[in-house]
Amino acid sequence: MKFNRSLVLVSKDPESLRRGAEDVYKQFQSSLAEFDLQGEVALAPIADVGRHDALPMVIIYPEASAYGPIRAGDVPRLVEEHLLKGRQVEDLFAPVKELSGRVGWLKSRKGAQPMEKRIVTRRVGRIDPENIEDYIAEEGYQALAKALAAQPAQVVEWLEKSGLQGRGGAGFPTGLKWRFVAGTKSAKKYVVCNADESEPGTFKDRVILEGDPHSILEALIIAAYCVGADEGFVYVRGEYGLAQSRLQNAISQARAYGLLGKDILGSGFSFDLHVHSGAGAYVCGEETALLESIEGKRGEPRARPPYPTTRGLWGKPTLVNNVETLANVPAIVLNGAEWYRSFGTPSSPGTKTYTILGNVNFRGLIEVPMGITLREVINIYGQGMPPGSTFKLAQTGGSSGSIIPASLQDTPMDFESFRKAGVSLGSGALLICDEHTCALDLAVTLMKFFQFESCGKCTPCRVGTARAYKILTDIQKGKGKPQDLETLTQLAGEMEYASNCGLGQTASVPIRDTLRHFRAEVEAHILLGVCPAGVCNVNG
Amino acid sequence: MNPTKDLTQIVQTAVERHGAQPDAFIPILLEINHEYGYIPAQAIRQARVLLHQPEEHVLVSEGQLYGVASFYHMLSVQAVGRHVVKFCESAPCHVQGGRELWRAVQQELGLQAGETDPQNRFTLKTVSCLGLCGVGPVMVVDDDVYGNVTPEQLPNIFARYE
Ligand SMILES: Cc1cc2nc3c(=O)[nH]c(=O)nc-3n(C[C@H](O)[C@H](O)[C@H](O)COP(=O)(O)O)c2cc1C
C-alpha cells in the first residue's frame, strides 16, 4: 500500500471556482511534477471548507495548515517552501478565525512525523541548554534588550494586545495579571515561575526547562522589569532534578554575563533569581500553596482574596506565572502582538503544547496552534490508534481536566470552545483511551489521586475525596448499591462548592463526567455485576 | 540512602549549605532525607536547635518542622528499607499497562504499598505522576528510573539491588 507523506486539499466550491480555484489546482499539478513530488504528495479537491472569507483555500495535512486566499501565482512558493523544505509560509496563512469544526474531516492516515508550529519549544533539542552562547545565537536575550529600552507599561501593553492567556490551567489573561502587579505600590515585589508541574500526564514544562532554561530566565527578568520586582523564584517540583540543575547553571551564566544582578545591561534595573525545590506535593502547584511552600511551611492553599497579586510571598505583591506562559513572552516581545495573533484562534491566540498519551501509536509532546481538534491530534500527531483499537474517551488536562467521550472529539481545542462545551483544557495532557478502558476504573484511579494529594486543610475535600474513593472502589468490587450514584452526585456538588481550592473543586469532575457520559457502564457494575470493558474484577 | 552516616554531621552540613532562613527549611529537610534515607525525630530536634534564632526573628518549633516533614511525599519520617521502589499510580501509566504491572510488582516483592520487607531490603511506595508518561508505565528504584516496564522485566530489575 502506498502512503503519501502530505495531502493537499484545494477548495472547489462554486465560490472558490469563481475566484480561480481551477487555476490553483492545475498549478499544483504542474508544480508538484516540477519538484518531482507527485509520488509523495496527494492532491485532492474538497467542497465546502466551512468558511468563506479566504477562498480559494488550500489546506495541507498533516500539519492542517490553512492557506488562503491562494492564487495560482502563490502555488510554486507553497510547494517549494512547505512541501519540499518543510517550512510553513506564514504570510499566506488564512486569516485566523474560529474553526467551525468542519476542518476536522480528515481521514486517518500514516506517515512522517508531522510538522508543528513551535514557539515555546522552538529551541528545544536545537541548542545546548547548558551553554548561554547557544541561546544568545538563537535570538536569546534580544527581547530583554528590547524590553529594557521600552517603558514597562509599553511592554505590558504588548502582552495584553497579544491575547496571551495563562497556560497553567486557568487561562487567565497574562498581560492583565502583570498590570495588576505593576499597579500595586510596594517597595518589595516578587516574580515567581510556577514549575511545580504535577498534573498527571503533563511534562511540557519539564521539556522547556530542560531544553531551553534561559528562555524562562529571560521572561522572568522582563516580568520583573515590568512589574517592579527585584527578586524572583522558580519553584521546581522536587522530582525534576535535571531541570533544577540546568536552571542553576543558566542562572550562574546569566550572572556572569551581567544579565542578572545589579544594573542589568546598564539599565539601572536590578534583579536576582533563585531556584526553589518542591518536595513532592501536587497541591503546591496551586499558587498560594506554592508560596506557603517557599516560606518553608506545609503547602496548604491560603484563603483568597487577597490574591498573590496584592499579597503574595512574605505578604508582598507577587506575580505567579506558569513555565509555558513565560516561555511565550520573549517571542511576543520580539515579534509583536500581531505576529502572535496570527496563530491560534481570535479568542485563544498562539500555540499550545500537548502531551499525547495512552493508546496511540505515537506518544509525546507537540506544540500546535490553538484550535485544532482532538480528532486531528489522535489521527495526525498520535498517528492513529493501534490496530484493533477504537477511540472510547480522552482525559484532557490531567486529573483536574475533563473526560471527553468520542462524540466531542471535533470540538476545537481552545479556551473558549472548550469552555462552551463544558470541558477543560487544563494543562494540555491528552490521555487517549480505547475500548479496553473502563470508565469506572479510570474514575477510581483519578479519585485515588485526589485523595492521596488532598492537603487535608479543608473538610469538603479531605472527607469528600476519601468517601468518593471508597464508594467508587466498592462499586468496582461489586458491592455497589443503586443509591450510590445519587450519593456520589451529591458529594461532587459539595466538593465543588465548598472546597477551599481548585484541588477539591476539580475532584468532583471525574464523578460528574463519568456519570454524565458513561452512566450505563457504571450501572452495569452495580445492577448486573459485570464490567462491560472486562477490566474490573466485579465479583472478586 | 545510608543510615550509617553521622546524623549530626548531615544536619549541620545541610543547614550550612542552605542557610537558616525559613525558605531553606524544605531544602534542608530534603537533603537530610536524601543523605540519611529518612528524617528521624532526632534530626528534627537537631535541626530545630540550629534553625530557631529568636534574635534573627526566625521562630521555629519541632512541631512545625515535623509538620512539614510529614506533609511532603518526598520526605519520610519513617525508617525505610535499603532501597525504595516508587511506583507511578497516575492515570496515564495506569492505562498504558500500569494496572497489570502494579499487581506484578506487589507479587514479586511480596509487599503492599507502604510496606518494608523483614530483611529491610525494599520499601514499596506509590507516587503520583513523575512527568515521564511518554515511557509509561514508570517505576523508580532509589534514583534509577525504569520506563516501559513489563512484568517480565521485574525479577531482573530488582536483582540489581542488594
Ligand atoms: C490543585 C492545583 C494544582 C495546580 N498545579 C499547577 C501546576 O503544576 N503548574 C502551574 O503552572 N499551575 C498550576 N495550578 C494553577 C496555579 O494556581 C496558577 O493558576 C498558575 O500558576 C497561574 O499561572 P498562569 O497564569 O501563567 O497560568 C494549579 C492549581 C490548582 C488548583
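This is a short tour of a predicted model, going from the ligand to some spots in chain A and then to chain B.

**Before you click**

Residue numbers start from 1 in each chain as its sequence is written, while chains are lettered from A and ligands numbered from 1 in the order in which they are written. As the model is predicted, local features need pLDDT of at least 70 and side-chain atom pairs count only at pLDDT 80 or more, whereas totals for chains, interfaces and linings use all residues; side-chain values use heavy atoms, with hydrogens and water left out.

**Stop 1: the ligand**

Now colour by secondary structure, with helices (H or I, at least four residues) and strands (E, at least two) taken as DSSP runs numbered from the N terminus.

Next, look at individual N and O atoms. A polar side-chain atom of A:Lys177 is 2.8 Å from a ligand oxygen. Another distance to display is 3.4 Å, between a polar backbone atom of A:Arg167 and an oxygen atom of the ligand. At A:Gly285, a polar backbone atom lies 3.2 Å from a ligand nitrogen. The protein covers 88% of the 620 Å² of accessible area that the ligand has on its own (Shrake-Rupley method, 1.4 Å probe).

**Stop 2**

Select A:Ser65, in strand E4 (residues 65-67). Is A:Ser65 buried or exposed? A:Ser65 is buried because its relative accessibility is 3%, the cut-offs being under 20% for buried, over 50% for exposed and partly exposed in between (1.4 Å probe, protein chains only). Its side chain makes a polar contact of 2.6 Å with the side chain of A:Gln88. Such a contact is a pair of N or O atoms within 3.5 Å; within protein, one must be able to donate a hydrogen and the other to accept it, and residues adjacent in sequence count only if both atoms are side-chain atoms.

Then go to A:Ser16 in helix H1 (residues 14-18), which is buried at 0% relative accessibility. Its C-alpha atom is 8.7 Å from that of A:His52, 36 residues apart along the chain.

**Stop 2: two cis peptide bonds**

Select A:Leu55 and A:Pro56: the bond between them is cis, with omega near -5 degrees. A:Pro56 sits in the loop between strand E2 (41-46) and strand E3 (58-61). Another cis bond links A:Gly68 to A:Pro69, with omega about -10 degrees; A:Pro69 is in the loop between E4 and helix H3 (75-84).

**Stop 3: chain B**

Switch to chain B, which has 6 helices and 4 strands. Of its 162 residues, 51% are buried.

Zoom in on B:His57, in the loop between helix H3 (41-51) and helix H4 (62-71). B:His57 is not a glycine, yet its phi is positive, about 65 degrees; at 71% relative accessibility, B:His57 is exposed. Finish at B:Asp142, between strand E3 (139-141) and strand E4 (144-146), where phi is positive at about 50 degrees. B:Asp142 is buried, at 16% relative accessibility.
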